[in-house]
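Please open the model in a viewer and keep the selection tool at hand. The stops below proceed one selection at a time.

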Amino acid sequence: INFRFVKLIADTNAYYLTPESLKILGKKKVIHKFVEFKKLIIKYTNQYPADVDVYLFTDLIKNYKNIYDNFFNKTMFLLQKKSEKIISNKILQQQFKRIKNHLGFKNKNEIKNFAIKTIASYAAEGVVFDKLAKSKNFSNCIWLNIEEADQRTIEITNCLRTKSNLGKMPMIFPKSQSLDNNIDS
């Protein structure tokens, strides 16, 4: 099969999920660390049985930053006011639990705020991936997710795509045994 593997480094997290890190560490230092990490990933992906491109997500979406920002902010607003318009309460509660367990947050407001930012970033990514999938370099792209293989990930990534009639993001989960049984393809 002729394919190309693209590894994305979620450097957008520093800007959208933890913007305070830019103030604490300095933007230059954060950018430098992401570039170092990208070089490390490139070094280790040389072993892959396919051509591999490694991108910082901010570089990849620079032509779509306004779209990303618009959908991120729109989702943030709706999740704070009318979350049921975006995702089910069940998924929202699962995200709260994920943030609490994964990051160790204790404060309920901190958990809620970080969960909302995370959902907004996934939702904005889902929309931007539609734009990227129509570009020459990313046509027919499929999201290979090895980190978070569950219904929650599928729903938060696709919540704006489905509301915008873009269809669901094509995804593959190698850890499919851990997926919920009720996934609709």
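**Aromatic pairs and the whole chain**

A search of the whole of this predicted model finds 6 aromatic pairs. Select Tyr16, Phe57, Tyr68, Phe72 and Phe129 together: these residues form one aromatic cluster. A pair of aromatic rings is described by the distance of the centres and the angle of the planes.

Next, colour the protein by secondary structure. It shows 8 helices and 4 strands, in the order β-α-α-α-β-α-α-α-α-β-α-β from the N terminus. Of the 185 residues in the protein, 39% are buried.

**Helix H3**

Select residues 27–45, which are helix H3. Leu40 has its place in this helix; with Phe37 and Tyr44, Leu40 forms a nonpolar patch on the surface, and the accessible area of the three together is about 290 Å². Leu40 counts as partly exposed because its relative accessible area is 41%, between the limits of 20% and 50%.

Now select Lys33 and Glu36, whose side chains meet in a salt bridge at 3.4 Å, N to O. The two residues are 3 apart in H3, and therefore about one helical turn separates them. An α-helix has 3.6 residues a turn, so residues three or four places apart point the same way. Both partners are partly exposed, Glu36 at 38% relative accessible area and Lys33 at 46%.

**Helix H5**

Move to residues 65–81, helix H5. Among the buried residues of H5 are Tyr68 and Phe72, both members of the aromatic cluster.

Select Lys65 and Asp69 for another salt bridge, at 2.7 Å, N to O. These residues lie 4 apart in H5, about one turn of the helix.

**Helix H7 and its ends**

Finally, select residues 108–133, helix H7. This helix has 26 residues and reaches 37 Å from its first C-alpha to its last, close to the expected 38 Å. H7 is mostly covered, with 19 of its 26 residues buried.

At the N-terminal end, select Asn107, which caps H7: a side-chain oxygen lies 2.8 Å from the backbone nitrogen of Asn109. Then select Asp130 and Lys134, joined by a salt bridge at 3.1 Å, N to O. Asp130 is buried at 10% relative accessibility, while Lys134 is exposed at 62%. The count of salt bridges comes to 3.

Note on methods: Residues numbered from 1 in each chain as written. Predicted model: local features only at pLDDT ≥ 70, side-chain atom pairs only at ≥ 80, totals over all residues. Heavy atoms only, no water. Phe/Tyr/Trp six-rings, centres within 6.5 Å; stacked < 30°, edge-to-face > 60°. Patch = residues over 30% accessible without salt bridge, like charges linked within 9 Å, V, L, I, M, F, W, Y side chains within 5 Å. Areas by Shrake-Rupley, 256 points an atom, 1.4 Å probe, with all protein chains shown as cover. Salt bridge = Lys/Arg side-chain N within 4 Å of Asp/Glu carboxyl O. Buried < 20%, exposed > 50% of the residue type's maximum accessible area, 1.4 Å probe, protein only. Expected span 1.5 Å × (residues − 1). Polar contact = N/O pair within 3.5 Å; in protein donor to acceptor, adjacent residues only side chain to side chain.
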